[in-house]
Amino acid sequence: MAGSADWDCEDMFGFLWVLSAIIILILFAFFHRWRVTVRYVKNVFTVDVGNFTVYSSAKGKKDDKYIKTPKLSFKELTDKYGALKAFYRDEKCEIVSILQEAQRRFDIKKLNFSVDFGFGDAAVTGIASGFLWGCVGGASAFLKKYWELDKKLNIALCPQFTKTCFEMNINLIFYSRPIKMIEIVKRIVRLCKRNRERLSVFN
């Protein structure tokens, strides 16, 4: 019986040691300041925390042998702009609140935004270029009200006058602690769910 009691004590000690180690690791993961990279490249949305990919919209999709070049007409572009404008109009208070909260909780290091576009007609592409610069300029001015983006924001709009294409790339890098990100992520998810039908135009 004594040997059994000794064995039970050793097992209990080992269990408590492993449990303590797991709790310490979880606390470290949640309270440690991590480098977070959010990317949208070639229609794939990816979130990396440190060196680990925690989410990728490419998972579960079949790999295409050839990369498909997305195409978008100027009318489709203006329709998407209209949907986005209506979304902002109806959710402005929540969007501004989320941005203000993010400014307090995130240390933003870089935001790169680029668009390659062409509509198969040089004149239409030229008009679209002015339209996009106006949209992007307005959006960047809006973001700068709530985020400190001086020398951190890089924008590139690249019109292609000889082909039809539309490709948007976003790369956001910031530092934060997961414990500070949870509430903001939950609010963004609720915001997107409320406007799922309206935002489906961007799929």
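## Salt bridges

The structure holds twelve salt bridges, a salt bridge being a side-chain nitrogen of Lys or Arg within 4 Å of a carboxyl oxygen of Asp or Glu. The structure is a predicted model, in which local features need pLDDT of at least 70 and side-chain atom pairs count only at pLDDT 80 or more, while totals for chains, interfaces and linings use all residues. Residues are numbered from 1 along each chain as its sequence is written, and side-chain values use heavy atoms, with hydrogens and water left out.

## The network around Asp107

Arg33, Asp107 and Lys109 are linked in a network of salt bridges. Arg33 and Asp107 meet through their side chains at 2.5 Å, N to O. This pair joins distant parts of the chain, 74 residues apart: Arg33 is in the loop between α1 (2-31) and β1 (34-41), and Asp107 is in strand β4 (residues 107-119). Helices (H or I, at least four residues) and strands (E, at least two) are DSSP runs, numbered from the N terminus.

Asp107 also forms a salt bridge with Lys109, at 3.2 Å, N to O. Relative accessible area is 37% for Arg33, 24% for Asp107 and 42% for Lys109. Arg33 is therefore partly exposed, as is Asp107, and Lys109 also counts as partly exposed. The classes are buried (under 20% relative accessible area), exposed (over 50%) and partly exposed (in between), with a 1.4 Å probe and protein chains only.

Lys75 and Asp79 form a salt bridge in which the closest N and O atoms are 3.0 Å apart. Both residues lie in helix α2 (residues 74-105), four residues apart, or about one turn of the helix. An α-helix has 3.6 residues a turn, so residues three or four places apart point the same way.

Lys75 is exposed, at 56% relative accessibility. Asp79 is partly exposed, at 38%.

Helix α4 has 17 residues and spans 24 Å from its first C-alpha to its last, close to the 24 Å expected at 1.5 Å a residue. The expected span is 1.5 Å times one less than the number of residues in the helix. Buried residues in α4 include Pro178, Met181, Ile184, Arg187 and Leu191.

Asn195 sits in the loop between α4 (178-194) and α5 (196-199) and is buried, at 6% relative accessibility. Its side chain makes a polar contact with the side chain of Glu91, at 3.1 Å. A polar contact is a pair of N or O atoms within 3.5 Å; within protein, one must be able to donate a hydrogen and the other to accept it, and residues adjacent in sequence count only if both atoms are side-chain atoms. A polar atom of the Asn195 side chain also lies 2.9 Å from the backbone oxygen of Leu191. Leaving aside residues up to four places away in sequence, Asn195 touches Phe87 and Glu91, where contact means heavy atoms within 4.5 Å.

## Cysteines

The structure holds zero disulfides, a disulfide being a pair of cysteine sulfur atoms within 2.5 Å. Cys158 is in no disulfide, and the nearest cysteine sulfur, that of Cys165, is 9.7 Å away.

Cys158 is partly exposed, with a relative accessible area of 28%. Cys165 is buried, at 6% relative accessibility.
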